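Trainee: I have a model open and want to check the labels attached to it. Can we go through them one by one?
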Amino acid sequence: MIATSPRTVPAAASAGHRAWPALLSGPYPAVMGVLNITPDSFSDGGQFIAPERALAQARRMIAEGADIIDIGAESTRPYGGAEPISAEEELKRLQPILSDVVSLGIPVSIDSMKSAVVGWALDAGAAIANDVWGLQRDPDMAVLLAARHCPVVIMHNRDRADAGIDIMQDIAAFFARSLELAANAGILRENIVLDPGIGFGKTPEQSITVLARLDQLGTFGLPLLVGASRKRFISSVSPSEPHQRLGGSIAAHLIAAKGGARIIRTHDVSETVQALRVAAAIWDQA
């Protein structure tokens with residue numbers, strides 16, 4: 001049995017909650033650094049599965065300007081091919097590293113679609129839940145997050161891409177359903193961020209459409225997170241492998257910032273922070 005009801009709220013998580021409004025109101029988007037402790041993530045699978053390497057990478061991203069560390073122990077590979085794992089296996093990967101990353105002093109986000117894993121991580125000091133199925137895959141997720149009063153990222157997803165749909169309408173309908181689940185469970189709107197899920201259940205062309213029309217999601221009145229880092233749509237424009245997509249990632253993230261994104265999720269923290277700061281300085285003079 002995996003416990004998901006804490007007796008106390010860890011100090012690190014409480015500090016992360018207090019920092020949340022400031023993260024969303026800066027002069028440029030907050031930067032969320034990706035820490036995959038998986039053997040099969042599409043871009044960096046296996047690189048940081050050893051606890052000492054994961055901790056070193058977290059330290060590096062913080063030194064480079066990350067505002068949040070997003071740690072995930074199950075690959076969700078947006079283009080399919082990932083092997084599902086049990087909550088027990090996910091926890092086995094997280095247990096040697098999560099508390100050490102939390103101790104580094106910036107908010108930690110737990111990237112998981114399983115409420116048992118999210119509950120354990122919040123007990124251990126994680127401050128933010130990042131659900132790639134937007135409260136719609138695990139029926140216990142919304143109730144758990146309402147009870148914890150923690151920030152939550154609700155991401156749009158689909159089991160498979162369908163080139164024949166209007167992707168913006170699909171995202172809007174998905175978010176409406178997720179927000180209904182959140183409201184019914186008692187999750188405060190001030191704790192919700194929406195993520196359109198670039199690359200997840202979308203053709204490359206649809207991912208590009210979402211970035212071009214991101215401002216339309218402002219009708220929900222909630223902060224937006226965009227994670228376009230190293231995604232395959234970049235290769236559809238400029239053929240490249242994931243590690244060769246830095247330029248395309250930055251281009252997409254600057255467009256997302258212009259379209260209203262308040263958090264950018266990236267593998268390449270230093271370069272992304274610099275790009276966002278320079279772009280913000282230029283836009284301020286426009």
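Mentor: Start with pairing. Two strands pair if DSSP finds at least two bridges between them. Keep in mind that this model is predicted.

Trainee: What makes β1 and β2 a pair?

Mentor: The bridge count. Strand β1, residues 30–36, and β2 are joined over five bridges, in the parallel sense. The cut-off is at least two bridges, so the label holds. As for individual positions, Met32 stands opposite Ile68 in β2.

Trainee: How do you know that β2 pairs with β3?

Mentor: By the bridges again. Four bridges join β2 to β3, residues 108–111, and these strands run parallel. At least two are needed, so β2 and β3 pair. Ile71 has Ile110 in β3 as its bridge partner.

Trainee: Why is β2 called largely enclosed?

Mentor: Buried means under 20% relative accessible area. Five of the five residues of β2, residues 68–72, are buried, so the rest of the structure largely encloses this strand.

Trainee: Which residues of β2 lie on each side?

Mentor: Ile68, Asp70 and Gly72 are on one side, with Ile69 and Ile71 on the other. All are buried, and both faces of β2 are covered.

Trainee: Next, Ser109 in strand β3. Is Ser109 buried or exposed, and what is its value?

Mentor: Its relative accessibility is 0%. The limit is under 20%, therefore Ser109 counts as buried.

Trainee: Now Arg213. Why does Arg213 count as partly exposed?

Mentor: Its relative accessibility is 31%. Buried needs under 20% and exposed needs over 50%, so Arg213 falls in between and is called partly exposed.

Trainee: Where is Arg213 found, and what does it touch?

Mentor: Arg213 is in the loop between α8 (204–212) and β7 (224–226). Residues up to four places away in sequence aside, Arg213 touches Asp166 and Met168. Ile255 is 42 residues from Arg213 in sequence, and their C-alpha atoms are 9.9 Å apart.

Trainee: What are the totals for the protein chain?

Mentor: The secondary structure comes to 11 helices and eight strands. Of the 286 residues, 54% count as buried. The chain exposes about 12,200 Å², and carbon and sulfur atoms supply 52% of that area. Among contacts between residues at least 6 apart in sequence, 70% join residues at least 24 apart.

Note on methods
Residues numbered from 1 in each chain as written. Predicted model: local features only at pLDDT ≥ 70, side-chain atom pairs only at ≥ 80, totals over all residues. Heavy atoms only, no water. Buried < 20%, exposed > 50% of the residue type's maximum accessible area, 1.4 Å probe, protein only. Contact = heavy atoms within 4.5 Å. Areas by Shrake-Rupley, 256 points an atom, 1.4 Å probe, with all protein chains shown as cover.
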